[in-house]
Every structure is written in C-alpha cells, then in structure tokens.
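Keep the structure open as you read.

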Amino acid sequence: GFLSEAFKTVDLSLTIFFTLDLIVNLAAHLGRGFFRRRWNIFDMVVVLISLAALRPAIYGVLPFSNSLRLLRVLRIERVLVRFRSLRQLINALSASLWPVLSAMIVVLCVIAIYAILGVHFYGQKQAIHFKTFSRSCFTMFQVTTLDGWSDVARDLFFEDGSMDGYVVTFFVSFIFLVAFTLLPVVVAVLLDTFSKENRKSQEKHEREQILESRKLTHLYALDALMERLMVCSSEMDLSKHLHLLFKRFDVEEQGVIRYQELCEGLYQLSFDPPISLTLQEYRTIVRESMGLQEENDSEQQVDAPTLDCRAWEVCARCLY
C-alpha cells in the first residue's frame with residue numbers, strides 16, 4: 001500500500017544519507033583516525049548491513065540482515081551524549097554497572113542456596129514450585145518480589161492448615177535476608193557509585209573550564225603566582241621571594257618539587273580561586289624550562305631555576 005511504499009522510500013533515503021555521512025567522515029579522518037572511535041566502527045557496520053539488505057538476494061545469505069538494521073536506533077545515544085547533563089548521567093550509570101553486578105551476584109548466590117534447600121525439603125511435597133532447581137530458583141525470585149509468597153508458603157503447611165515452623169523460618173529468613181537487606185545494599189551501591197562518578201564528571205568539567213579560560217587569556221598555570229611577585233622592587237628582591245617560595249614548596253628539602261608538593265603548596269596560598277595545576281601542565285613546565293622535546297623526558301621535577309624561568313617569562317609578557 002501507500003504507507004509501505006512511503007516507508008521504503010524513507011528507509012532508502014536514510015540509508016543514502018548515512019552512507020554519505022560515513023564517506024565524509026572517513027575522508028575527513030583519512031582512514032587512520034576513523035577506526036580509533038568505536039562509534040565510527042559501529043556506524044560503518046550499520047551502513048554496510050543497510051546497503052546489503054537493499055538487495056533481495058542477500059536474504060538467502062543473511063536471513064537476519066533486516067533485523068540487524070534495527071541497530072540503527074542506537075544512534076540516538078549519539079544525540080544524547082552531546083548534552084553534558086545527559087552525558088554525565090550515562091557515564092555515571094555505566095560506571096555503576098560493575099559494582100552493582102558484584103552486589104547482585106551475592107543476591108543470586110543466596111537465591112541459589114535457598115533454591116537448593118527448597119528442592120531438598122519441599123521438592124516432593126510441592127513439585128510445581130520446588131521439583132527442580134530451575135523451578136525452585138524461579139519460586140525464590142517470586143518470593144523476592146513479595147508477590148504471592150504467602151500463598152506459596154501456606155501450600156507447604158500441614159494438611160489440617162496448621163502452621164509449620166520450619167516453613168515460616170525458611171521463607172521469613174529469606175525475605176529478611178534478601179528483600180530487606182541485600183537488595184537495599186544493591187541500591188546503596190548504585191547510588192554511591194553514581195554520586196561519585198557524577199562528582200568526578202563535574203570536577204572534570206570545571207577543570208576543563210579553567211584550562212579553557214587560561215587558553216583564552218593566554219595565561220599559564222603559574223602566571224597568577226608569578227604576577228603577584230612582580231611587585232618586587234629589584235631583581236635581588238625577586239630572587240629572594242622565589243627562594244622563600246621554593247623552600248616553602250620543597251617540604252622534603254630535596255632541592256626539587258614533586259607534583260603533589262607543588263599542588264598542595266599552591267592550594268595553601270591565598271588565591272581566589274585557588275591555582276589548579278594539572279599533571280600535563282606540570283610536565284610541560286618542566287620540559288619547556290629544561291629545553292626538552294621528548295615527552296618521556298618530562299619525568300623530571302621542578303627545581304629553583306624553573307621558577308626563575310617562569311617569573312622572567314611573565315615579566316617579558318608584561319613588558320611586550
């Protein structure tokens with residue numbers, strides 16, 4: 001009918017559009033950088049499946065090719081990750097996956113233990129719920145949801161309807177252990193990991209904003225500190241202040257300042273906002289001051305001449 005033809009036209013148009021998008025993306029990255037991103041590989045696979053599914057003869061070779069094209073709906077996630085708040089949410093949920101799975105494994109182990117006990121004690125008495133291990137696991141999972149668990153328990157009471165203490169102990173202990181204890185622990189692990197990852201993502205965003213502001217104003221990380229030293233009246237006075245500053249940062253008195261010492265020293269200074277120095281900036285400062293070019297040579301540490309060098313660079317930018 002009309003709708004079928006319309007959907008076929010839209011499908012063909014989208015396939016052509018995604019094919020052109022893939023070609024442009026591949027040409028822009030010149031092939032090498034294209035395969036470094038997993039989303040690009042995913043796009044290429046989806047486009048190739050879509051192109052192959054356009055030929056009716058392909059169904060004999062790939063009978064599920066038409067169903068595989070449904071993977072294109074995952075491209076919606078690419079739109080979601082472009083929004084920072086949604087990206088933070090997705091990253092936090094992804095980071096929470098493994099801790100939550102670890103906690104869920106404990107829950108599943110307890111369910112399996114009670115399922116084995118159910119098969120052993122009640123497999124003959126109530127075969128519909130406890131005859132096999134798989135049935136018993138499903139029954140215990142039902143009890144975990146608190147859905148109709150009392151009916152399952154009452155079916156195991158004595159024939160005259162009187163309560164069986166062992167049955168009550170079995171089900172009540174399971175509910176208290178799993179439903180009231182372990183499952184809240186799983187939720188707590190999820191919330192704790194989610195909040196930690198969300199806080200890390202927020203701190204990363206703030207650091208990126210600081211670095212971007214420095215880039216826009218052409219400032220280095222230590223410029224705010226060095227500009228405060230520009231009030232010195234003479235070169236001797238400046239060298240004296242630099243010596244005192246270096247001595248304050250060099251807590252271990254080894255003649256060099258490690259990255260952690262420099263960060264702690266900068267944080268203790270009265271700057272608003274505090275000076276934030278990344279590890280990459282620290283290595284860049286050392287490498288530039290020592291005239292090094294190779295990245296692996298940047299494992300050196302800040303010494304007194306390095307601070308002098310940064311101070312004179314600030315002076316030069318102020319004058320010129």
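Helix 1 gives the largest share of the nonpolar patch, four residues. The whole patch covers about 620 Å² and is built from Leu-12, Ile-16, Leu-20, Ile-23, Leu-48, Leu-51 and Leu-54. Two elements, helix 1 (2-28) and helix 2 (38-53), each give two or more residues to it. Leu-54 sits in the loop between helix 2 and helix 3 (65-68). Leu-54 counts as partly exposed because its relative accessibility is 38%.

Some terms: helices are DSSP runs of H or I, at least four residues, numbered from the N terminus. Patch residues have over 30% relative accessible area and no salt bridge, with nonpolar side chains joined within 5 Å. A salt bridge puts a Lys or Arg side-chain nitrogen within 4 Å of an Asp or Glu carboxyl oxygen. Areas come from the Shrake-Rupley method with a 1.4 Å probe. Buried is under 20%, exposed over 50%, partly exposed in between.

This is a predicted model, where local features need pLDDT of at least 70, side-chain atom pairs need 80 or more, and totals for chains, interfaces and linings use all residues. Residues are numbered from 1 along each chain, and side-chain values use heavy atoms, without hydrogens and water.

## Inside the protein

Which residues touch the most other members of the largest nonpolar core? They are Phe-130, Met-140, Val-167, Phe-171 and Phe-174, out of 24 residues. (A core is a set of buried nonpolar residues joined through side-chain atoms within 4.5 Å.) Helix 10 gives the most to this core, with nine residues.

Terms used: Patch = residues over 30% accessible without salt bridge, like charges linked within 9 Å, V, L, I, M, F, W, Y side chains within 5 Å. Buried < 20%, exposed > 50% of the residue type's maximum accessible area, 1.4 Å probe, protein only.
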